[in-house]
Amino acid sequence: MAQIQLKNLTKAYGAVQVIKGIDLEIRKGEFMVFVGPSGCGKSTLLRLISGLEEITGGDLTFDGERVNNLIPSKRGIAMVFQSYALYPHMKVYDNMAFGMKLAKSGADDIRRRVTDAAKLLQIDHLLDRLPKELSGGQRQRVAIGRAIVRDPRVFLFDEPLSNLDAALRVATRLEIAKLHHSMSGVTMIYVTHDQVEAMTLADRICVLRDGRVEQVGTPAELYEAPNSLFVAGFIGSPKMNFLTGAPAAAHGCTTLGIRSEHITITDAGPLWQGTVVHAEDLGSDNFLFVDIGAGEPLIVRQPGKLAIPYGTRVGLTPQPQHLHRFDAAGLPIR
Amino acid sequence: MPNPDHGPSLQQQRARSAFWFLAPMLIALFCVAAWPLLRTIWFSFTDTTLSNLYGGKWIGFDNYLSIRTLESGRVIYRGTLVDPAWWNAVWNTVRFSVLSVTIETVLGLMVALVLNAEFKGRGLVRAAILIPWAIPTIVSAKMWAWMLNDQFGILNDIMLRLGLITEKIAWTASTETAMTAVLIVDVWKTTPFMALLCLAGLQMIPRDIYEAARVDGIHPVKVFFKVTLPLVRPALMVAVIFRMLDALRIFDLIYVLTPNSAATKTMSIISRENLIDFDKFAYGSAQSTLLFAIIAIFVSLYIWLGKVDLSGGGK
Ligand SMILES: Nc1ncnc2c1ncn2[C@@H]1O[C@H](COP(=O)(O)OP(=O)(O)OP(=O)(O)O)[C@@H](O)[C@H]1O
Ligand SMILES: [Mg+2]
């Protein structure tokens, strides 16, 4: 339960500036997701907040208290690592209890908190096992359990699901979301490069790019009103269609963006004409790839099933209120 | 049935080619290790002398222990097993091995912990620390012999000036200090090797669990005893075995540093003495055989007690 404030936070390794001045407020009890491409500095930023890395410049405050020079264990945080970071020679119970024995809690209290957390995560039958005797998903739950028993002000997750397979990832994602609801008011910061994870989990998303904040907002805000070409292309699956050249110039911009679900196939005076070059049928949706002679084929989402053979010429019309226009610098024209 | 009458199965073919790859090494090992060992054991049961290597006659266990009753009724025991010089050598060897290996393990682990941390110039320090180990024992023993020299040695000089001692100590000559001198040189020489083995073990430990411990605020001393030590233990056990094998057959250092001191004569030294200097070839062979047996027992005990897995992780 902490409000976290980052003021012009910077981090440099030697001469290499990795975090280039970040201003961000994370509210009490918020689920904040850092998302961005590989190498943009997500993990570094999380490690600055955790105290595992020294802050080069700027201020970091927890509930108004400056914590720049506070060691990690004094910040009231718990961290879940991508690699789980379990102690390989300790049973699950000891893994979860190891960090607490110091905290002057009584033996009964420790036992109770560990079993409570284990029950919450449904790993109470695994307490006597070693980490190597667990599956990847179970290990990750132990790591989360270890964080829970510490009863922290802030939870930090660094790509906790990236070592799991797709099905398990969805299931564990759900559990983390449930966890956030059940632990009312705990602030969580979650790093991922997977924008679907970001969209589904976050109260607010912070898109990072090359050590800078690109945009902060709710998933819907980012989806509907991206603040830059980068965010528009990064958020959403499939990617937003981008048109350059003549079709963009016709709308008075350098790059024209339109999402796949905002294009209608029509024969009545279509704006664009093209041929179907590929189709992906996902069961619920059908994605058509239409080449209109402007670089990449346009992806058009088509609900239901309407078999259109390859090579068919189709007319396309975008919904005008959903057009995104960007100038040469990649900034939106509103 | 995977193998109808179409020649050997894949498994058999693999075993056969493996045998041919191993054959040269097996032959070499037999020539340089097994054959001399068997010869030595054979000699120990004969009355072979240096001047007549091939004319020895079988005399049974007499080199180890022979009991004769004289006409007067007196019983005479002879042989290595009742030789006080031998038991002195056994005691010296064991004392030297336990002390040197213990000190080297503790120091080596400490050095390894330092080298495992990240700091500027770590690569250079890692290389530099190996220098004592890379110097041939004869050279380092001679070098230390000079430094420990009672009249001109730098060690006595420094300690005198610092007021730690009031008169010069004859490090290598005096029976009280000879073992200490040998230990000092051996520790100086072999700690780097120990450190290197420990470092290899430390580097197998994932870094992230130390970060987890840092976030959890666990005291570094507790982290060392509860996390580092248990995880580095397998590597440490193997390192200790290597060093123990080495220490139990120590020869060169003592032969150069304190050649004739009864306080430091080890099993290897005394068997060589009998084999060559005293022309009791068969007697020396018996002592060599005992040395081999003692080392074998020591190491088996250690492996059994420590449940060391030498098979490479197993599972
Ligand atoms: N210890 C270090 N020394 C020098 N540069 C570093 C160090 N750690 C990270 N970097 C650099 O900082 C940048 C950001 O790294 P970071 O690990 O934060 O990326 P990330 O956003 O977490 O990427 P990923 O999604 O791949 O995990 C990278 O360019 C990386 O090369
Ligand atoms: Mg990362």
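**The sheet, its loops and the interface**

Mentor: In S2(A), Ile19(A) is the residue that stands opposite Lys11(A). The model is predicted, so local features need pLDDT of at least 70 and side-chain atom pairs count only at pLDDT 80 or more, while totals for chains, interfaces and linings use all residues. Residues are numbered from 1 along each chain as its sequence is written, chains are lettered from A and ligands numbered from 1 in the order in which they are written, and side-chain values use heavy atoms, without hydrogens and water.

Helices (H or I, at least four residues) and strands (E, at least two) are DSSP runs numbered from the N terminus. Strand S1 (residues 4–13) of chain A runs antiparallel to S2(A), and eight bridges join them. Both belong to an open sheet of four strands in chain A, with antiparallel pairing and the order S2-S1-S4-S5; strands pair if DSSP finds at least two bridges between them. Strand S2 (16–26) and strand S5 (65–66) of chain A are the edges, each pairing on one side only. Helix H1 (residues 42–50) of chain A packs on this sheet, touching S1, S2 and strand S4 (57–62), and its direction makes about 115 degrees with that of S1(A). Such angles run from 0 to 180 degrees between N-to-C directions of lines fitted to C-alpha atoms, for helices over the stretch in contact.

The loop between S4 and S5 of chain A holds Asp63(A), whose phi is positive, near 50 degrees. Most residues other than glycine have a negative phi, and most peptide bonds are trans. A cis bond joins Ser237(A) and Pro238(A), with omega about 0 degrees. Pro238(A) sits in the loop between helix H8 (229–234) and strand S11 (241–244) of chain A.

Turning to the partner, 16 residues of chain B are in contact (heavy atoms within 4.5 Å) with 23 residues of chain A. The two chains have two salt bridges between them, a term for a side-chain nitrogen of Lys or Arg within 4 Å of a carboxyl oxygen of Asp or Glu. Asp216(B) forms a salt bridge with Arg150(A), and the closest N and O atoms are 3.4 Å apart. On the side of chain B that touches chain A, helix H8 (208–216) and helix H9 (220–248) of chain B each supply at least two residues. H8(B) gives the most, with eight residues.
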